[in-house]
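Please look over the chain below. A short report on selected contacts follows.

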Amino acid sequence: MKILNFGSLNIDNVYTVEEFVCPGETVTAKSHTVFAGGKGLNQSIAAARAGAEVIHGGAIGPDGGFLASLLEEAGADAGELEFAQALVVAGKVALALQHV
């Protein structure tokens, strides 16, 4: 059985800060880490690692090549990904972690 998964492929940016920013303030992040994410990407990787034959469909921008590589490294087929010439932004979240 083949699984065809059309799902999100996200680039998660996580910033570590000393304190949360208040309105009107600017704070400098102590660190910045980039993670691969998105429900679709996570599902395809998990299913492929479990031995399923997975084909993943979706779109990534020029900064998302590493997401296709992660799919392929897990054993999923990334051949149905659309590589957009411009940045593909469906939503953007910046996560700030307060270092305690």
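At what angle do α1 and helix α2 pack, and how far apart are their axes?

## Helix packing

Helix α2 (residues 65-74) packs with α1 at an angle of about 20°, and their axes are 8 Å apart. Axes are lines fitted to C-alpha atoms over the stretch in contact, and angles run from 0 to 180 degrees between N-to-C directions. α1 and α2 are therefore roughly parallel to each other (angles under 35 degrees). From α1, the contact is made by L41, S44, I45, A48 and R49; from α2, by L67, L70, L71 and A74. These residues divide into 7 nonpolar, 1 polar and 1 charged.

## Basis

This is a predicted model: local features need pLDDT of at least 70, side-chain atom pairs need 80 or more, and totals for chains, interfaces and linings use all residues. Numbering starts from 1 along each chain as its sequence is written, and side-chain values use heavy atoms, without hydrogens or water.

## S44

S44 lies in helix α1 (residues 39-49). S44 counts as buried because its relative accessibility is 1% (buried is under 20%, exposed over 50%, partly exposed in between; 1.4 Å probe, protein chains only). S44 touches N5, V54, H56, L71 and A76, leaving out residues up to four places away in sequence (contact means heavy atoms within 4.5 Å).

## Salt bridge

The count is 1 salt bridge (a side-chain nitrogen of Lys or Arg within 4 Å of a carboxyl oxygen of Asp or Glu). E53 pairs with K2, with the closest N and O atoms 3.9 Å apart. E53 is in strand β4 (residues 53-60) and K2 in strand β1 (residues 2-6), 51 residues apart. E53 is partly exposed at 44%; K2 is exposed at 56%.

Notes. Helix = DSSP H or I, 4+ residues; strand = E, 2+ residues; numbered from the N terminus. Parallel < 35°, antiparallel > 145°, perpendicular 65-115°, else oblique. Nonpolar A, V, L, I, M, F, W, Y, C, P; charged D, E, K, R; others polar.
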